[in-house]
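Welcome, and please open your viewer. We will go from one selection to the next and look at what is there.

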Number of protein chains: 2
Amino acid sequence: MSRTESAAALVTALDVLDVRFPTSEHLDGSDAMNPEPDYSAAYVVLRTDAGDGLEGHALAFTTGRGNDAQAAAIATLAPHVVGRSVAEVCDDLGGFARSLVHDPQLRWLGPEKGAIHMATGAVVNAAWDLAAKRAGRPVWRFLAEMTPEQLVAQVDFRWLSDALTPEDALEILRRAEPGREERVARLLESGYPAYTTTPGWLGYSDEKLARLAREAVADGFTQIKLKVGADLADDVRRMRTARETVGPDIRIAVDANQRWDVGPAIEWMRALAPYDPYWIEEPTSPDDILGHAAVRRALRPIKVATGEHIANRVVFKQLLQAEAVDIVQIDSARVGGVNENIAILLLAAKFGVPVCPHAGGVGLCEMVQHLSMFDYVAVTGTVEDRVIEYVDHLHEHFVDPVRVTGGRYLAPSVPGLGAQMHPDSLKDYAFPDGPVWSGRV
Amino acid sequence: MSRTESAAALVTALDVLDVRFPTSEHLDGSDAMNPEPDYSAAYVVLRTDAGDGLEGHALAFTTGRGNDAQAAAIATLAPHVVGRSVAEVCDDLGGFARSLVHDPQLRWLGPEKGAIHMATGAVVNAAWDLAAKRAGRPVWRFLAEMTPEQLVAQVDFRWLSDALTPEDALEILRRAEPGREERVARLLESGYPAYTTTPGWLGYSDEKLARLAREAVADGFTQIKLKVGADLADDVRRMRTARETVGPDIRIAVDANQRWDVGPAIEWMRALAPYDPYWIEEPTSPDDILGHAAVRRALRPIKVATGEHIANRVVFKQLLQAEAVDIVQIDSARVGGVNENIAILLLAAKFGVPVCPHAGGVGLCEMVQHLSMFDYVAVTGTVEDRVIEYVDHLHEHFVDPVRVTGGRYLAPSVPGLGAQMHPDSLKDYAFPDGPVWSGRV
């Protein structure tokens, strides 16, 4: 494709598909607040008339009901994309992201939170997928090849300047410039550390928990995670089972999925403390910055982690300012896309807090690995105390599924963001008319 | 209607209408972040087979684009309502509200924020409208006739217990029981204090500002409000004009609609300080609890107000815990309906902070007056330093429009919540096919 063709090409369509997987039938993915999720995707395809066969694919993840409303929210963004020059969008992804976020009418539905913000994230991520494919790079390398100045231009600093300025960001990124290539080589060779949630779902028997925990350790994982918060006696028994199974050297994180008020979070965790939990994830409301800070103060040295439901960079900023978290858990599909996640990575780096992404769901592992690998190469330069969540669900539906082996994510090499699904999966699991659902609903 | 009939009656439909007013054509409602709003309603009608002719009406307010996505979010709640017993819903509005909020799949789109939470608010408010109509009472009196125990049962205390327990709430409500009847009588006689935003929109000339400010004072208002945040020199001039027009005894609030970062908010307001602004509203991100606290510390004695974009009770809780606000601005259509607003009124009462509701938009004045009047009768027992915002827009579309006279809201007497619109308005402004829009889009 010549320069001229590229400049002339337009985005011609924003397709939105409602795709759902009936995961609730097997209790995979069950936790204290999500007893019966049907993992779903409000799936986005950006099409162009460039004639190069490239499309931008991404998705917003939901847990079933409401996936149609999420799709409707995405569709409202079409006027910001369709008809725009492909080059204009792909060459200024920061400006593109800001144009969506700052729509003066749509922002009433947020601002920058809930369905409309997840919609922005899906469309922005689809643009990154397209831009990286055009560049022939997986997103993590596409990012890692940008200059510090280009990276700073991706970030919307609105509401951040009391904690992170463009100058701060530039300094962080420049500090990490030496050694970028060496770190790229190391990722290509040995990947990025992972932990697994597979053993720990609430719906599993103790036997299944122990068996899966044993397998996880045998597979090379050095950290596993258990869902907690439904029943204290059960949790004590499950935590003891897990600890006895894996021994003292494997980290066991626990995850309450927002189940508790502040006081009960502290009490419950004290009962689990004898089994050495590494972190408590989502002890309470994701909006409760001061609550997380109180839980952290009371439970130290147990770490506090949160992020998969944190609406935007302003809440992450405060979690860091208030010293409310030990671990920042970014999510690829909750906030306003790659751009806002760059802001959050920079905030975490500024405050010296490690980022351990949330993943699982549908395509979240595929997408978020790019952000952690970029963080390692170009932001923090380290993987110390950093792990990406891994859940062995639904990867078979992706064109370029994650490869996790020996407890590590192997660096993706296929151009794009990794969220592209097989056409058959999109068709079979289309809701409510695809063949998988037509007998069910 | 006999008890038996009532018990047997079912909710038969949840209708959702997309209704928009082309307000952007006149710059009414323009501010620093909302330059061209088309005030809109995702309008809800609950219908039943009770045969009594009663329906539950309410709405989610938006500013135009996205009203369809808001409507789609409301429609996802239909399975929680349609087919349920009318008596069951209306006799346990607290349980009903919780059943919507805690849908384990829909909550992924929030939790309790953005489009899905505003959807909950609209449906819950429609149920209150229906329940109050069945009781033959305007909602403020319907509430004011409940016992403290019945009121406590309306509240979802999840995530509040570190600041407000059911026992705290009961104590506040019991303390206000003596004198309820006297306060009802006083409201019926002389209404509730209002302030007006009509003079202060950014699109208005200085002459129009001065004329409208003069008229506001002549009409009996003792507080007006100016939009600020687009241009500092303009704001200084407009603020000086307003102060010179109304003299030293009229309160002038200013409203930045989230325009600033923390540092700039402080600097900008220092430039306006010589003209004695009463409060600064939405100086920064509605999610920035710590930012509001920093602004408040720096600007004292100028008061800090926020709330129209505060997603839920957990954020209000923290604004109060962090001493970040002097004024709590509830909104009838942002959070999870009457129930969550009762929680917020109780939190504000616990912390001794006055509530001055946000209103305007479409139907917000009509709905929110009930909450302030209830607050006066049964929660705080005072109107000191409390005013309800009044904007003279679009009231003609309502069956029972607010009556503001002498700078006061007269107590509504028609049963229900007040959000019911004329059938002709619903038809004429239907988007995109109603006659008002068919020529425009």
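Start in chain A, with the loop between α14 (313-321) and β9 (327-328), where you will find A:Glu323. Helices (H or I, at least four residues) and strands (E, at least two) are DSSP runs, numbered from the N terminus. A:Glu323 has a phi near 50 degrees, a positive value in a residue other than glycine. Most residues other than glycine have a negative phi, and most peptide bonds are trans.

A word on what you are viewing: this is a predicted model, in which local features need pLDDT of at least 70 and side-chain atom pairs count only at pLDDT 80 or more, while totals for chains, interfaces and linings use all residues. Residues are numbered from 1 along each chain as its sequence is written, chains are lettered from A and ligands numbered from 1 in the order in which they are written, and side-chain values use heavy atoms, with hydrogens and water left out.

**Two cis peptide bonds**

Move to chain B and select B:Arg300 and B:Pro301: the peptide bond from the former to the latter is cis, with omega near 10 degrees. B:Pro301 sits in the loop between α13 (289-299) and β8 (303-306) of chain B. Next, select B:Phe431 and B:Pro432, whose peptide bond is cis too, with omega near 0 degrees. Here the loop runs between α17 (423-428) and α18 (435-438) of chain B, and B:Pro432 lies in it.

**A sheet in chain B**

Now colour β1, β2 and β3 of chain B. In what order do the 3 strands of this open sheet lie? The order is β1-β2-β3, with antiparallel pairing (two strands pair if DSSP finds at least two bridges between them). β1 (11-20) and β3 (56-62) of chain B each have a single partner strand, so one side of each is left without a neighbour in the sheet. On average, neighbouring strands are turned by 20 degrees against each other, direction ignored. (Axes are lines fitted to C-alpha atoms, for helices over the stretch in contact, and angles run from 0 to 180 degrees between N-to-C directions.)

Zoom in on β1(B) and strand β2 (residues 40-48) of chain B, which are joined by 9 bridges. B:Val19 stands opposite B:Ala41 in β2(B).

**Helices across the sheet**

How do helix α2 (residues 67-75) and helix α5 (residues 114-135) of chain B pack? Their angle is about 65 degrees and their axes are 8 Å apart. To see the contact (heavy atoms within 4.5 Å), show residues including B:Gln70 and B:Ile74 of α2(B) and B:Met118 and B:Val123 of α5(B).

**Where the chains meet**

Show both chains: 61 residues of chain B are in contact with 61 residues of chain A. The area buried between them is about 5100 Å², with 53% from carbon and sulfur atoms. (Buried area is the accessible area, with a 1.4 Å probe, that two parts lose on being put together, summed over both.) Finish by selecting B:Arg65, B:Gln105 and B:Trp108, which supply 19% of the area that chain B buries against chain A, more than any other three residues.
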